[in-house]
Structures are given as structure tokens and as C-alpha cells.
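Biologist: Can you walk me through the ligand site? Keep it short, please.

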Amino acid sequence: MRKLLTTTAIAAVALMALSGCSTRTDTTSGSSAAAGFPADSLIGVALPSKTSENWVLAGGLFEDGLKAAGFKGDVQYAGASTTVKDQQDQISAMVTKGAKVIIIGAADGGQLGTQAKAAHDAGAIVIAYDRLILNTDNVDYYVAYDNFKVGELQGQALLDGLKAKKPAGPYNIELFSGSSDDANAPVFFNGAMSVLQPKIDDGTLVVGSGQTDIKQTATAGWKAENAQSRMDSLLTSTYGAKAIDGVLSPNDTLARAIITSVKAAGKPIPVVTGQDSEAESVKSIMAGEQYSTINKDTRVLVAQAIDMAKVLQKGKTPEVNDTKSYDNGKKIVPAFLLPPVIVTKANAAEAYANDPKLSPLTK
Ligand code: BGC
């Protein structure tokens, strides 16, 4: 696959060269690429609190990967309680220490404008990692898995899982979304609703509680306990006598909290979606409990972000593959989007074949 991609990329470059176009990677005219910087420069990485396993993994991968690339790395996590302030202070410190690139997984995408501006004023390049930074001109690139696609895959998995359990609807479902301070949350939800809304409209799906607005479905802080208590309330208010057939969950942490709630209520486990390929959820999928997750290999995403830093170090403009989807309210942020993969029990072994941590769980 990698070889195929490389060949295709080479062919594309050759074609562009023939037709007189220059490739993005070869141009040095990007405003933020400037003249590069020393190869052993400081690269800052500001991550949110560890609300899911992907963030835990990312920290170690950034430490190792930046070192291997010859950079000095400064990897920080926002704490569990004062997350926004923590992260703002950490980014300011990175700017003061002279970081040339600051890679940010936002704790709150709407509250980093001042820090992004300070980074730019000091000549640093700002890369939004996994989560977009909103309402600022001072973000240069976005590197993430395609969030809308994640939502579409979750919506489709919910439909597929329901159909596999019971050939025809109507199906009773409930909807959960992520934290409202995360710019990804509405994108996941809108992606899922693009698949589910037509089925709600035609009566195939019935949202028992009637709670279909993202304000009603949100899970503050992406916290398991918040999803669990909302599920507890929904079961009491709406599913006393009725069965619940499916739940749209935006990630694995929340999926397991929802399943815990349903089990405690003594009800059969509905079809529950997820995201992140957390080890506990992969086990749950193999045990026939959680229905699906999404594979967004953190190793690949971190490598992509570090590659961007390497290209910038040389004074070149990093490759992007999307220049229209991620409008942050001030600008459309050039993005490099990776493809997410849906995983159910049926394809788990294949999906994690190259992952030494997850692959054994599928045997
Ligand atoms: C990430 C998800 C993660 C969630 C909670 C999102 O921004 O894209 O992978 O599950 O944050 O940590």
C-alpha cells in the first residue's frame, strides 16, 4: 500500500512537473514557511488533558519522534481541572523559550487566539493537531483524521449494527456527542447526522427522548461519568418498558460508560458505536458488547505532524490535501487529513494487523 502510494505520488509530481506546475512541497513561497530554522530547534507540543487513550499515546510518540528527527521537544499536557489556563500558560512558555513550531491539540479550541498570536509574533509556526483552533488567523496548518468522515462512519455503523440485530425498524435510539469546547464534536455529530437524519425523518429511527440537538446530546469534558449519568436518566425517563436498540456514541470512553449504565439497569446491550480503538473497547467489541470503533492510528498522525515540522525546518511548505473544509471562523486552515477506518468484530483482526498492542486482542 505504502509503495503504491509512493508510486502514485511520484507519478503525480512527474505529471505536474511536465505540465509546468510546481508541487506544494517544492514551493518556498508560503508566507509561514519563511527561510526555515536550525535543525536542532525547539518544537513545542501542547496537548489537552488525557480524556482518551489517543492523547496518552500521542505524548510519548511526540517525545520519541521529535528526538529522532533531531529536534528538541517540549511536550506538555493540560491538567485535569484548569485545562484551558494550563494550556495557555504552556504555550506562552514555549513561545518564550523560542519554539519554532508549536503543535497544539486544543483543550478549548476557542480560547487560544492570544497564544497563537504571540507565537506568530515571535515567528513560530502554529499547527493545530487533531482539533482545530477557532477564530484566529494565527493558525497555519491543521493535521487530523477526517472528522466528518468519522461521524459518517459512526452513523453508518449504527445503521448496519441495528439491521444485523433486527432486519427492519423502527429502531429506538439515543444520540450522544462530544464536549462543546472541542471543535471536533460538532463535526463528528454532523457527519453522523448526515447519515441518520434521513432515517429519523422516514421513521426508521426513533430518538425516544426526542433529544436530537447537539446542546442536548453534548458530553461536557468528554467525561465518562457525564455520559453515564445522562444514559442513566434517559433509561429512567424513556426506557422503563421499551427496549433501546442503539446508541450513537462519539468515542470509546463514552461508549463504555453508556454500556455500563445499560448493564446496571439490567437491560440488553444496544448497538453502541465508538472511536479511538482504545484497548478496553477493542476487547469489548471482541466480546460482542460494543459494536464498533474507529481506527485513527495515533502513530501515523503524530508522524504526519512531525513530518510537517521537518519540511518547515527546511524552509519549505508542508503538503496539504484539503484547502476548503476547515473554516475556523477567520480563515480556511490548510489541512492534511488522514482517512479513518471503521472497525467491528468482523474486520478487527485485519484492521489492527500492524498494531502490536491491539492485534493480540483480536486473536
Ligand atoms: C478526538 C477524539 C477523542 C476526543 C476525546 C477528540 O478531539 O478527535 O479522538 O476521542 O477528542 O478525547
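This is a predicted model: local features need pLDDT of at least 70, side-chain atom pairs count only at pLDDT 80 or more; totals for chains, interfaces and linings use all residues.

Biologist: What does Asn-54 do at the ligand: how far is its polar side-chain atom from a ligand oxygen?
Modeller: 3.3 Å. Residues are numbered from 1 along each chain as its sequence is written, and side-chain values use heavy atoms, with hydrogens and water left out.

Biologist: And how far from a ligand oxygen is the polar side-chain atom of Arg-131?
Modeller: 2.7 Å. For Ser-52, a side-chain N or O atom is 2.6 Å from a ligand oxygen.

Biologist: How much of the ligand does the protein cover?
Modeller: 100% of the 310 Å² of accessible area that the ligand has on its own (Shrake-Rupley method, 1.4 Å probe).

Biologist: How many residues surround the ligand?
Modeller: 14, with a heavy atom within 4 Å counting as near. Asp-130, Asp-182 and Asp-276 are among the closest. The shell has 3 nonpolar, 6 polar and 5 charged residues. Here Asp, Glu, Lys and Arg are charged; Ala, Val, Leu, Ile, Met, Phe, Trp, Tyr, Cys and Pro are nonpolar; the others, including Gly, are polar.

Biologist: Why does the ligand lie between the two domains?
Modeller: Because domain 1 (7-139 + 297-339) and domain 2 (147-295) both give residues to its shell. The bounds come from an automatic or database domain assignment.

Biologist: New topic. Which residues does the cis peptide bond join?
Modeller: Gly-169 and Pro-170, with omega about 0°.

Biologist: What is the phi of Asp-130 near?
Modeller: 65°, a positive value in a residue other than glycine. Most residues other than glycine have a negative phi, and most peptide bonds are trans.

How values were computed
A polar contact is a pair of N or O atoms within 3.5 Å; within protein, one must be able to donate a hydrogen and the other to accept it, and residues adjacent in sequence count only if both atoms are side-chain atoms.
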